[in-house]
Amino acid sequence: MEDLMQKIISLAKRRGFIFQSSEIYGGFGSCYDFGPLGVEMKNNIKEAWRKEMTRNQENIVLLDSAILMSPKIWQASGHLTAGFADELVECKKCHHRFRADLLKEKKCPDCKGELTEAKKFNLMMKTFVGPLEDESSEAYLRAETCQGIYVNFLNVLNSMRMKIPFGVAQIGKSFRNEITPGNFIYRTREFEQMEMQWFCPPKEADRFFDYWLEARLNWYYSLGIKKENLKTYEVPKDELAHYAKRAVDILYNFPFGWKEIEGVHNRGDWDLSNHAKHSGEDLRYFDEEKKEKYFPHIIETSVGADRSFLAFLIDSYQEVKGGRTKTTKAIKEEEIMLKLYKSLAPVKVAVLPLVKNKPELVEAAKKVFQMLKIDFSCQYDETGSIGKRYRRQDEIGTLFAVTIDFSTLEDKTVTLRDRDTMEQERVKIDELTEIIKKRINV
Ligand code: GAP
């Protein structure tokens, strides 16, 4: 299974999905850059999440808060205290962290794995804002996007005249000085989160917790993740994060084990009541009907865009023994195919002239390419045999290949090949855009 990770990492680099950050300088501490196809695919994931969490739901609005915020926020949220500044060791195997001073032996108490050196450790990434580098200018890169939502609770409530229950959704970068990052983009120090905070009456928190957990599982299924590769994990009380009353993790069956990709949390009134206390602002909600004021409880759904990217990539990766396309002699033993769900595929259509040494064909193909790229993410490819080009496209999950051949010049039709069925049909150029739109439902 480790082998599969190597194949995924190599495909990701070879085909422009993900590169090691600062590679020409030997790389930089578990940071990664998203290449041309990686950006397309990650944007598709974020767009699918945004659509699901706003348009497909009632009463959820968007926010984009700053990464740099008042350090007082992190005092109030518990991120600068709450055990983060202890001498910590981390198990290199299961990533559980322990206070070094409380350990009886130099092995992980949970799995007996090897431990890192003890370190004064706070996960927050510190920086300085302004010309002075002293305590007064200290600030932090946010460690979770949701704090920006809590501190804007009143702004959103009042400006949008929201009524509880309602949600605020946000996508953005977060930073954590992880002791042991690893497994490619699974655990990094800079990552993107997609978080939604659902503000509700305390009595309804349990019901909404169940609603959101189910909704979030269904989102993965709707994007093609195999049911057998997802499961949930009820986090035991003694492992809960400092803010959580209840947490269920959604786990994906990665080649390196079942690991969390998303958390659904009942944060109770931890955040709003602490921010109220520290800021002096009254962050309670006034229920007009019941004439009562209370701190709404918060149900949070929190998923990493990068982690889910990795899960989607792995889930769609297929090796087809004996090859799918039988058009060249040099057929490889195995062909790689990314069976990405249609809305996630980074390239929707490839445009291929049958041969490149016929200027009329190339010219006609380029015209079709210009036409299609207005509506779809497209690639034009004229290099190599047509079989090889189909394979190149299958490898990045391209949904359709449009081939321009000699008949095109006569009757203005092209061949439309479907990635999944490999069926080819003759289609009029004039109807191509509408046909593809209909099939991918955009
Ligand atoms: N606001 C709650 C929160 O941040 P979390 O369980 O610490 O909860 C939520 O993180 C999600 O963010 C995780 O399920 C994961 O998808 C992503 N995430 C957290 N730390 C990460 C890291 N170091 N690298 C990549 N993704 C990470």
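Colleague: Why is Y186 called buried?

Modeller: Buried means under 20% relative accessible area, with exposed over 50% and partly exposed in between (1.4 Å probe, protein chains only). Y186 has 6%, so it is buried. F256 has 15%, so it counts as buried too. Mind you, this is a predicted model, where local features need pLDDT of at least 70 and side-chain atom pairs count only at pLDDT 80 or more, while totals for chains, interfaces and linings use all residues. Residues are numbered from 1 along each chain as its sequence is written, and side-chain values use heavy atoms, leaving out hydrogens and water.

Colleague: How many aromatic pairs are there?

Modeller: The count is 17, taking rings of Phe, Tyr and Trp (its six-membered ring) with centres within 6.5 Å; planes under 30 degrees apart are stacked, over 60 edge-to-face, the rest tilted.

Colleague: And what makes the pair of Y186 and F256 edge-to-face?

Modeller: Their ring centres are 5.5 Å apart and their planes stand at 70°, so edge-to-face it is. The two residues are 70 apart in the chain. Ring pairs also join Y186 and F256 with Y252 and F254 in a cluster.

Colleague: How do you know that the charged end of R267 sits over the ring of Y243?

Modeller: The rule wants NZ of Lys or CZ of Arg within 6 Å of the ring centre and within 35 degrees of the ring normal. R267 meets it over Y243, at 3.6 Å from the centre. K227 lies over the face of Y221 as well, 4.7 Å from the ring centre.

Definitions and conventions. Helix = DSSP H or I, 4+ residues; strand = E, 2+ residues; numbered from the N terminus.
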